[in-house]
Structures are given as structure tokens and as C-alpha cells.
Amino acid sequence: IVFNALLARLEAAFGELRRFTADASHELRTPLTVIRSVGEVALREPHSETEYRDIIGTMLEEVDRLTLLTTLLLELTRAEGGQTAMKCEAIDLSELVRDAAGFLGVLAEEERVRIDLDLLTTVVPVTGDWMMLRQAIVNLLDNAIKHSPPGATVTLASQARGEQMEISVSDQGEGIPAEQLPHVFDRFYRVDAARSRQDGSVRGGFGLGLAIARWAVEAHGGHIAAESTPGKGSVFRIALPR
């Protein structure tokens, strides 16, 4: 029984590695293919200065996308390998949430999405790394804004639940099907790959933001979960020990 369990865990680990390699290869191949195709078109026949500028601009956009992907992969690999140094300091979660909301305020305005804060008025600190927890909240908020229709409201709330502090990010987007909900925190998993790519720019997602958020929360001894009702929106909750 022990050996069977060991082999089953090894098989699952190798399967995850194969999926990760295949997904990473696919994500890396896409921008490289675009760069090559655009370059071949540019060399095929003469173009005006304006056309060359457009071609170079398209190639630089894909380079930016490729750079962002490799950076995220490097950060996630280091984090999961325990190579990321984590600070330990007292943090006011309400202040942390306000900082994350302010960071994405411009993006919300561009997408015509309102950010509403419903935070505790009293200070209930937690212990952890400010930048890591901030990144987790930013990733959840960015995801909520990205999948909310114009005119919608994204709500950031905090509350105390016994020995835990909870942060929730609620959106009014299209929601997530029940069968896909357990996989949203997996690396490279996207509920709708076509939708997440949007116009092919850097704003298109890679399916890594929620994986990074889960790692950051669990590194603090916390828990992250998602709830969703298709057609009515989603709620992502972070629970951290006081």
C-alpha cells in the first residue's frame, strides 16, 4: 500500500510536470511565432516608414509579452522552490487593501469599472510580507477588473472571523462554471483562453496570476478559495491567521 501510494504521487508529479512543460512551451511559442511572421512580412517587400514603425511596434509588443511571461515563470519557480526570502512584519490589512486598490485605480478607470471598498475601521494586524500579500490582492483585483463588464463594480472587503482575517474580492462578471472552479488556481489554467488573450497584447493573461496569489497566501499559513455563480459574478476569498 505504501509503495503504491508513493508511485501514485510520483506519477501525479510527473504528469503535472509534463502539463507544465507543454503549457509553458505553448505560451512561449505564440509570441515567438508572431515575431517571426511579422518579420517575414516586413522583409518580403518594401514598406513605408509608417508601415515599418507599425511592424516594429507589433514585434515590441510581443517581446514585452514574452518578457512578462518569463518573469512570471521565474518568480513562480523561485517561490515554489523556497528561494524567495519572506519578511515578517506587522501589517494592517485595510491599509494593504487600499494600497492595492490605488495601484489598479487607473486600470479600473480605463475599463470603466468602479472599485468599492468595504473595510474594517479598526486595525487588526497580521504578520507577514507586505509585498507578497499585496501582490496576491493585486492579482485577484486585476482578474476581477479584467472580467467585469463596463459599468460594473468590484468590491474589496475585509472582516474578522474568529482567529482569522478575511479579504474578499467580488466582481459582477460572467462567472465561472462549476466544473472549472476547482482548477482556477492551477498554473496556466484559463477559464476561457480566447477571452483572456483579448487583443493579443500584454494585457492578455497567462493563467499565472491566481497561481502566484495562492502561493503567496499559503506561504503565510492562509487559505484562498473561489466561489462563483455563472452570469452573476465571482468572489475570491483570502483567509489569514491573525
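The protein has 7 helices and 7 strands. Helices (H or I, at least four residues) and strands (E, at least two) are DSSP runs, numbered from the N terminus. From that end, the order of elements is α-α-β-α-α-β-β-α-β-β-α-α-β-β. This is a predicted model: local features need pLDDT of at least 70, side-chain atom pairs count only at pLDDT 80 or more, and totals for chains, interfaces and linings use all residues. Residues are numbered from 1 along each chain as its sequence is written, and side-chain values use heavy atoms, with hydrogens and water left out.

**Overall**

- Of the 242 residues in the protein, 40% are buried. Buried means under 20% relative accessible area, exposed means over 50%, and partly exposed is in between (1.4 Å probe, protein chains only).
- Take the contacts in the protein with a separation of 6 or more: residues 24 or more positions apart account for 72% of them. Contact means heavy atoms within 4.5 Å.

**Helix α3 against helix α5**

- Helix α3 covers residues 93–103 and helix α5 covers residues 130–146. They pack at an angle of about 50°, with axes 9 Å apart.
- Axes are lines fitted to C-alpha atoms, for helices over the stretch in contact, and angles run from 0 to 180 degrees between N-to-C directions.
- α3 and α5 are therefore oblique to each other. Angles under 35 degrees count as roughly parallel, over 145 as roughly antiparallel, 65 to 115 as roughly perpendicular, and the rest as oblique.
- The crossing of α3 past α5 is right-handed. A crossing is left-handed if the near helix is turned anticlockwise from the far one by less than a right angle, and right-handed if clockwise.
- On the α3 side, the residues that meet α5 are Glu-95, Leu-96, Val-97, Asp-99, Ala-100, Ala-101 and Phe-103. Their partners in α5 are Trp-130, Leu-133, Arg-134, Ile-137, Val-138 and Leu-141.
- Arg-134 also lies over the face of Phe-103, 4.6 Å from the ring centre. A charge sits over a ring if NZ of Lys or CZ of Arg is within 6 Å of the ring centre and within 35 degrees of the ring normal.

**Helix α5 against helix α7**

- α5 also packs with α7, at an angle of about 145° and with axes 8 Å apart. Here α5 passes α7 in a left-handed crossing.
- From α5, the contact uses Met-132, Leu-133, Gln-135, Ala-136, Asn-139, Leu-140 and Asn-143. From α7 come Gly-209, Leu-210, Ile-212, Ala-213, Trp-215, Ala-216, Val-217 and Ala-219.
- Buried residues in α7 include Leu-210, Ala-211, Ile-212, Ala-213, Ala-216 and Val-217.
- Glu-218 lies in α7 (residues 209–219) and is partly exposed, at 46% relative accessibility. Its C-alpha is 9.6 Å from that of Ile-238, 20 residues away in sequence.

**After helix α7**

- His-220 is in the loop between α7 and β6 (223–229). His-220 is buried, with a relative accessible area of 11%.
- Not counting residues up to four places away in sequence, His-220 touches Met-86, Thr-127, Gly-128, Asp-129, Met-132, Leu-133, Leu-240 and Pro-241.
- Gly-221 follows α7 and has a positive phi, near 75°.

**An aromatic pair**

- The whole structure holds 1 aromatic pair. Phe-185 and Phe-236 form this edge-to-face pair, 5.9 Å centre to centre and with 85° between the planes.
- Rings of Phe, Tyr and Trp (its six-membered ring) pair if their centres lie within 6.5 Å; planes under 30 degrees apart count as stacked, over 60 as edge-to-face and the rest as tilted.
- The pair links distant parts of the chain, 51 residues apart. Phe-185 is in the loop between β5 (164–170) and α6 (193–197), while Phe-236 is in strand β7 (residues 233–241).
- Phe-185 is buried at 8% relative accessibility, and Phe-236 is buried at 3%.

**Two further sites**

- Arg-112 is in the loop between α4 (105–110) and β2 (114–118). Arg-112 is exposed, at 60% relative accessibility.
- Arg-112 is not a glycine, yet its phi is positive, about 55°. Most residues other than glycine have a negative phi.
- Ala-160 lies in strand β4 (residues 153–161) and is partly exposed, at 35%.
- Leaving aside neighbours within four places in sequence, Ala-160 is in contact with Leu-120, Met-165 and Arg-242.
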